[in-house]
Amino acid sequence: MAKVPRNFRLLEELEKGEKGIGDGSCSYGLEDSDDIMMTNWNGTIIGPGHTVHENRIYSLKITCGDNYPDAPPTIQFISRVNVPFVSQTDGTVDRAKLPVLAQWTRASSLEHVLVEMRKEMASATNRKLPQPPEGSMF
Amino acid sequence: MALPKRIIKETERLVADPAPGITAVPHDDNLRYFDVTIQGPDGSPFQQGIFKLELFLPEEYPMAPPKVRFLTKIYHPNIDKLGRICLDILKDKWSPALQIRTVLLSVQALLSAPNPDDPLATDVAKHYKENEKDAQRVSREWTQLYASE
């Protein structure tokens with residue numbers, strides 16, 4: 001199979017994100033619309049229903065380095081959220097604690113990461129964790 | 001992972017007999033991915049500029065068109081802020097009879113003949129339609145700022 005280079009891969013992901021993904025509970029886009037290297041992205045996750053996260057809007061930053069998609073993106077929450085894979089000091093996501101990042105392959109995508117983090121929020125162990133006040137930031 | 005014969009042939013010819021003002025060099029680790037330069041055509045606001053682009057031949061090539069993007073910033077109504085190009089042969093007018101060479105010549109020709117009626121960068125197109133002279137002045141400025149060596 002042809003190996004899609006970083007920039008063309010990110011253009012595809014950008015176009016997919018602009019059209020809107022899934023049911024709208026996760027979204028992402030470029031932080032700066034003329035960032036020709038497409039390094040810095042914003043993401044949002046709407047907290048899953050019937051959990052402590054319900055109706056919360058979580059903002060986060062995504063960084064796609066030079067080796068994306070061979071290497072996973074780095075992710076940092078801007079909104080405070082209490083889940084085991086997010087550092088409570090600065091909101092960075094611990095790659096080792098999130099399977100989609102720990103077992104990253106080129107077949108994964110930014111959409112995939114956001115959807116998986118949202119699923120984690122709804123897991124049996126995370127759905128009832130006490131949360132910081134809604135809207136607070138790191 | 002064998003490279004189709006057609007791609008090998010095209011690459012050989014691009015290197016041995018390059019089109020005037022155009023270079024295309026495949027990456028060592030991905031022979032479907034090319035670093036491209038295009039010289040701004042004489043008589044256009046992009047004259048004397050050297051523009052960097054990248055080109056990728058998807059798995060479906062030549063049944064699907066190459067993907068091409070400017071890496072150098074350019075003020076042109078059919079090229080957007082991310083360097084994406086609005087050109088019919090890169091979309092619905094693609095034909096497998098076209099080649100990397102013809103695609104890059106068409107991109108070079110687009111620099112001589114902007115088409116503000118089919119814009120990708122709407123603000124630039126508006127500028128070109130309302131005051132072509134002033135828009136060309138900005139295109140020249142950007143060429144000097146971003147596309148000179």
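1. Let's start at the interface: six residue pairs, both members at pLDDT 80 or more, are in polar contact across chain B and chain A. A polar contact here is a pair of N or O atoms within 3.5 Å; within protein, one must be able to donate a hydrogen and the other to accept it, and residues adjacent in sequence count only if both atoms are side-chain atoms.

2. Before going on, keep in mind that this is a predicted model, where local features need pLDDT of at least 70, side-chain atom pairs count only at pLDDT 80 or more, and totals for chains, interfaces and linings use all residues. Residues are numbered from 1 along each chain as its sequence is written, chains are lettered from A in the order in which they are written, and side-chain values use heavy atoms, with hydrogens and water left out.

3. There's one salt bridge between the two chains, and it joins E15(A) to R84(B), with the closest N and O atoms 2.9 Å apart. The term means a side-chain nitrogen of Lys or Arg within 4 Å of a carboxyl oxygen of Asp or Glu.

4. On chain B, the side touching chain A draws at least two residues from each of β2 (30–39), β3 (50–56) and β4 (67–70). β4(B) gives the most, with four residues. Strands are DSSP runs (E, at least two residues), numbered from the N terminus.

5. As for overall extent, 20 residues of chain B are in contact (heavy atoms within 4.5 Å) with 18 residues of chain A. Together the chains bury about 1600 Å², 65% of it on carbon and sulfur atoms; that's accessible area (1.4 Å probe) lost on being put together, summed over both.

Technical notes:
Buried area = accessible area lost by both parts, 1.4 Å probe.
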